[in-house]
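Please open the structure in your viewer and keep the selection panel at hand.

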Amino acid sequence: MNDTVTNQIEYEVITDAKRLGVLVSQWHESEYLAIDTEFIRTSTFLAQAGLIQVADTHGVYLIDPVALDDLSQLVAVLENPNIIKIMHSMSEDVDLLFHSVGAKITCVFDTQIAASFLGLGPALGYQNLVAEVLSVELDKGETRSDWLQRPLTQSQLHYAALDVIYLLELYGVLKSRLQESGYFNALFDETNFLVNQVFSAWESPDLAYLKLRGAWELNEEAQRLLQALVVWRDATAFRENIPKPWVFNDASLIDIVRVMPRVPADLKRIKGIQGKSIRRFSEELVSKIQQFELDRSTQFKMIDAPVKSEELVIYRRIKSEVAKISKQTGIPAQLLGSRKMLEGLVIHCNRHKNETLTPEYLGWREQLMGDSLRHALFES
C-alpha cells in the first residue's frame, strides 16, 4: 500500500462571486463532478457550511460559503440531471446543500453505495474505500477541526482537496466494475430514492412523529397529540437554531404525552428531561398541550406496532430469502433488506393487505428479487 499522500496538491479557494460564475459555466459542460462538504453541526439546528469542494477534470475548487453569502449560482449545476455528482455517504451533504444553497441535487453517484453493490462492505468509510480500491492511505486528522474558523489552515485546505481528488479516481474504477456487474443503473435508482427521502422529510413535517416507533402503544388521540408536539418541537428548534433534543428529545415527548402535564412543574416528574429544557420551553409546551384540539383533517396514520407472533414467521422467511440472494449476488444483505425495510414490508403487505411492495422494493430490488419476495410474503 502507498502509505503517503503527496503534499503537492493544487487547488483554488473561491471567495469571489464572479469567479464562481465562471466556474459554474465550466461545470455545466462537465459529464461529472466530485462534490463534498465540510461543516459543523454541534449546537445548531442546521449544519453550518464551512467549505463546499468541487473537482472536475480541470482542477479542484474549494468554495468558501463564509465569504460568499449567496451560493444560488450552484443550484442549476446541482439540479442538472445530465451531470453526475460523485459523492460519498451523501445524506448529510445532500441535506446541507439543500439548506445552504437551496438545491435539490440530482443524479448522484454515491461511492459508498457503489462499494456496497460490489460487495466491498455495506457502509465503508471514505478513508477505507480509498485504501481498498486505490491503495492510498489518507490522513483524516482534520475530520473534526473547526471549519468555520478563518483563515482555514493549509492542513485543512489540503485535507478538503484530497476528499474530492480521490472521489474522481474512485468513480472511474467503481463505474467500470458496476457496469461489468450490471448494477450501474441500479446504483442511480437507489441514490435517487435516498435523495428524495431527504427532501420528503423536510416537506412533510406532519409525518415526523412516525419515526418515534416507541409510541406505537398510545391510542389515536395521544398519537395525534404527539404528532402536534413533534411538529412544535421541530419548529421551535428551527426558530431557536438549536438541536431538537435541546428542546425535548423524542423519548421525552413520548413520556410527556403519557403524563399529560398540566403545569410546568409536572415536567420535573418525568425522568431524563434536562433542566434547561424545562426552564426555556415548559410554559410553551404546556400551553400547546392545553390548546390541542383533535383535528382529523391533518395528515395522520397510526404508528405501526412491531412485527410479532405470526408476522415474525413471515419476517424470518423473507430474511432468509434476502440472505440467499445476497450469497448469490455478493450484494450485502443490509443493502438488499435491512431489518427496518423487511419489517416494513411485512407490515405493509401482510398486516395492511397491500398487494404492491413497499417503495424500496419497486425499483432495482423488485427486478432482482420481487418474485421471490412475493412468494415468501404470501406463501400459505
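A salt bridge is counted here when a side-chain nitrogen of Lys or Arg lies within 4 Å of a carboxyl oxygen of Asp or Glu; this cut-off is needed at the last stop. The model on display is predicted.

**The sheet.** Select the six strands that form an open sheet in the order β1-β4-β3-β2-β5-β6, with mixed pairing. At its edges are β1 (12-14) and β6 (108-110), each of which pairs on one side only. Neighbouring strands of this sheet are turned against each other by 30° on average, direction ignored.

**The β2/β5 pair.** Next, select residues 32-40 (β2) and 84-87 (β5), which pair in the parallel sense over three bridges. Tyr-32 has Ile-84 of β5 as its bridge partner.

**Asp-95.** Return to helix α3 and select Asp-95, which is located there. Leaving aside residues up to four places away in sequence, Asp-95 touches Arg-41, Val-198 and Trp-202. Is Asp-95 buried or exposed? Asp-95 is buried, yet has no salt bridge. The nearest side chain of opposite charge is that of Arg-41, 4.1 Å away, whereas a salt bridge requires the atoms concerned to be within 4 Å.

Note on methods: Residues numbered from 1 in each chain as written. Predicted model: local features only at pLDDT ≥ 70, side-chain atom pairs only at ≥ 80, totals over all residues. Heavy atoms only, no water. Pairing = 2+ DSSP bridges. Helix = DSSP H or I, 4+ residues; strand = E, 2+ residues; numbered from the N terminus. Axes fitted to C-alpha atoms, helices over the stretch in contact; angles between N-to-C directions. Buried < 20%, exposed > 50% of the residue type's maximum accessible area, 1.4 Å probe, protein only. Lys, Arg positive; Asp, Glu negative; His and termini not counted. Contact = heavy atoms within 4.5 Å.
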